[in-house]
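Open the model in your viewer and keep the sequence panel beside it. The stops below say what to select and what is there.

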Amino acid sequence: RKWFDCAECHAEQEDHPLLQQLDMTFACKKCKKCFRKDVKNFEDCDEYCPHCDNHYILEAVTPTPALQVEGEDARIDARMLKDDRVRSAPERRVFDVRDTADRLG
C-alpha cells in the first residue's frame, strides 16, 4: 500500500479515484503509529494523535507562482544585493554642469 498526504497528491500520482469512506486511517509522522478516526463526528480534539498528542492536521498550502531572480547564496556572494546604508559614488555624465567651471578655466 502507498500512503499519500492528501487527496490531491493521490490524484496526481494514481490513475484511479479514491473510495469514499467515513472511516479514515491516519499515520502520525512523529511517533509513526497508525490509528483510525470516524469522520462523521470529527471534532477539534480529533486533530491530535492519540498516542503522542502531536497536532497532525495542518492547513494545506498551495504554492503560488512568482517571478523571482535566483542567485547564489547571499552569505557567500552578496554582489547582487544592494546595501542602502553604503553611499555609492555620484554618477558622472559627459555634460555635467558642476565640472564646467574647472574645465573652462
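**Salt bridges**

Begin by selecting Lys29, which is exposed at a relative accessible area of 59%; exposed means over 50%, buried under 20% and partly exposed in between, with a 1.4 Å probe and protein chains only. This is a predicted model, in which local features need pLDDT of at least 70 and side-chain atom pairs count only at pLDDT 80 or more, while totals for chains, interfaces and linings use all residues. Residues are numbered from 1 along each chain as its sequence is written, and side-chain values use heavy atoms, with hydrogens and water left out.

Asp5 sits in the segment before H1 and Lys29 in the loop between S1 and S2, so the pair ties together parts that are 24 residues apart in sequence. Helices (H or I, at least four residues) and strands (E, at least two) are DSSP runs, numbered from the N terminus. Asp5 is also exposed, with a relative accessible area of 61%.

Next, select Asp23 and Arg36. They form a salt bridge whose closest N and O atoms are 3.2 Å apart. Because Asp23 is in strand S1 and Arg36 in strand S2, this pair ties together parts 13 residues apart in sequence. Asp23 is partly exposed at 31% relative accessible area, whereas Arg36 is exposed at 60%.

Then go to Lys2 and Glu14, whose side chains meet in a salt bridge (3.2 Å, N to O). Lys2 belongs to the segment before H1 and Glu14 to the loop between H1 and S1, twelve residues apart. Lys2 is exposed, with a relative accessible area of 61%. In the whole structure, a search finds four salt bridges.

**The fold**

Switch to a cartoon view. The protein has two helices and two strands, and from the N terminus on the elements run α-β-β-α. Of its 105 residues, 10% are buried.

**The largest pocket**

Select Phe4, Asp5, Cys6, Met24 and Thr25. Among the 37 residues that line the largest pocket, these are the closest to its centre. Helix H1 (7-13) and strand S1 (23-27) are the elements that give two or more residues to the lining. The lining has 19 nonpolar, eight polar and ten charged residues. Here Ala, Val, Leu, Ile, Met, Phe, Trp, Tyr, Cys and Pro count as nonpolar, Asp, Glu, Lys and Arg as charged, and the others, Gly among them, as polar.

A pocket is found on a 1 Å grid over the protein atoms alone, as an open set of points where a 1.4 Å probe fits, with protein on both sides within 12 Å along at least five of seven lines; lining residues have an atom within 4 Å of a point.

**A nonpolar patch and a cysteine pair**

Select Met24, Val39 and Phe42, which form a nonpolar surface patch. Patch residues have over 30% relative accessible area and no salt bridge, and nonpolar side chains (Val, Leu, Ile, Met, Phe, Trp, Tyr) are joined within 5 Å. Phe42 lies in the loop between strand S2 (34-38) and helix H2 (100-104), and is partly exposed at 31% relative accessibility.

Finish with Cys31, in the loop between S1 and S2, which is partly exposed at 23% relative accessible area. How far apart in space are Cys31 and Cys52, C-alpha to C-alpha? The distance is 6.7 Å, for residues 21 apart in sequence.

Methods:
Patch = residues over 30% accessible without salt bridge, like charges linked within 9 Å, V, L, I, M, F, W, Y side chains within 5 Å. Areas by Shrake-Rupley, 256 points an atom, 1.4 Å probe, with all protein chains shown as cover.
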